[in-house]
Amino acid sequence: MKKYKFCFLLFLLFSTHFIIAQADFNKLDEKGKKHGAWKGFYADSKRQKYEGAFEHGKEVGIFSFYDDTKAKSIIATREFNATDNSAYTIFYDQAKNKVSEGKVINKLFDGEWKYYHKASKTIMTVENYKNGKLEGLRSVYYPSGKIAEETNYRNNVKDGVYKNFSENGIVLEESIYKNNEYNGLAIFKDTQGNIASKGAFVNGKKSGIWQFYTNGKLVKEVNMSTPGSASKAMGN
């Protein structure tokens with residue numbers, strides 16, 4: 001009987017402590033807005049989804065987000081700026097490695113975002129956003145950290161100079177995009193740095209005279225603007 005009473009008292013003490021602890025969270029102000037420390041939960045599992053703090057309905061400070069497992073691994077953090085609607089956001093994998101990070105304004109990506117190679121601190125991609133859309137230079141890197149690709153964007157579509165690099169720094173392709181299509185002069189090179197072909201694109205299609213090379217030597221010219229036109233082989 002004494003053992004039973006002790007267990008009951010222990011249970012009661014724990015329950016009371018839990019209720020008091022819970023009472024410190026998820027309160028509303030006089031206008032019904034979230035205020036103070038707050039915890040969110042997954043609907044099905046009832047596991048904790050996030051925790052952070054509100055000030056009269058506005059997120060403040062750092063929020064931590066958890067995966068829907070017993071391990072309760074952090075999968076993201078957001079640090080809210082007190083003077084605007086921005087939040088610096090970091091996403092993690094379940095091994096606590098950074099996946100990506102950058103700023104969100106009104107739930108839209110904004111400014112520079114960094115993405116990392118899997119389970120690595122090495123940057124894989126750097127993108128620039130404006131109101132949730134790609135704007136400006138997007139750079140991709142090899143695991144070695146060397147540049148692999150550079151693409152310019154305007155309003156979420158490719159627009160401007162594009163470059164593709166080999167890991168030893170050779171520009172394998174240099175071309176121009178407009179409205180997400182090839183448009184302008186393009187030069188393609190082999191892995192030795194020799195020109196393989198070059199010519200112009202118009203609205204995504206090859207146009208005019210295209211030149212083709214072997215080991216850096218011009219061997220053929222083709223007029224791409226004339227359907228079924230014969231190629232012109234170059235003499236020695």
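Here are a few friendly notes on this predicted model, arranged by region.

1. Some ground rules. Residues are numbered from 1 along each chain as its sequence is written, and side-chain values use heavy atoms, with hydrogens and water left out. As this is a predicted model, local features need pLDDT of at least 70 and side-chain atom pairs count only at pLDDT 80 or more, while totals for chains, interfaces and linings use all residues.

2. Strand 5 (74–80) and strand 6 (residues 86–92) run antiparallel and are joined by five bridges; strands here are DSSP runs of E, at least two residues, numbered from the N terminus, and two strands pair if DSSP finds at least two bridges between them. Five residues sit between strand 5 and strand 6 in their hairpin, and Glu79 has Tyr88 in strand 6 as its bridge partner.

3. On to the next strand. Strand 6 also pairs with strand 7 (residues 98–105), in the antiparallel sense and over seven bridges. Ala87 has Val104 in strand 7 as its bridge partner. In the hairpin of these two strands, again with five residues between them, do look at Lys96, which takes a positive phi near 70°.

4. The largest pocket. About 310 Å³ of space lies in it. A pocket is an open set of points on a 1 Å grid over the protein atoms alone, where a 1.4 Å probe fits, with protein on both sides within 12 Å along at least five of seven lines; lining residues have an atom within 4 Å of a point. The volume is the space filled by probe spheres set on the points. Of the 14 lining residues, Glu59, Arg78, Phe80, Asn85 and Lys107 are the closest to the centre. Strand 4 (58–66) gives the most to the lining, with four residues.

5. Tyr142. This residue lies in the loop between strand 11 (136–141) and strand 12 (147–154). Tyr142 is partly exposed because its relative accessible area is 22% (buried is under 20%, exposed over 50%, partly exposed in between, with a 1.4 Å probe and protein chains only). A polar atom of the Tyr142 side chain lies 2.7 Å from the backbone oxygen of Phe165. The C-alpha atoms of Tyr142 and Thr122 are separated by 8.8 Å, with the two residues 20 apart along the chain.

6. Ser197. Found in strand 17 (residues 195–202), Ser197 is buried, with a relative accessible area of 11%. Beyond its neighbours within four places in sequence, its contacts (heavy atoms within 4.5 Å) include Phe188, Trp210 and Tyr213.

Notes. Polar contact = N/O pair within 3.5 Å; in protein donor to acceptor, adjacent residues only side chain to side chain.
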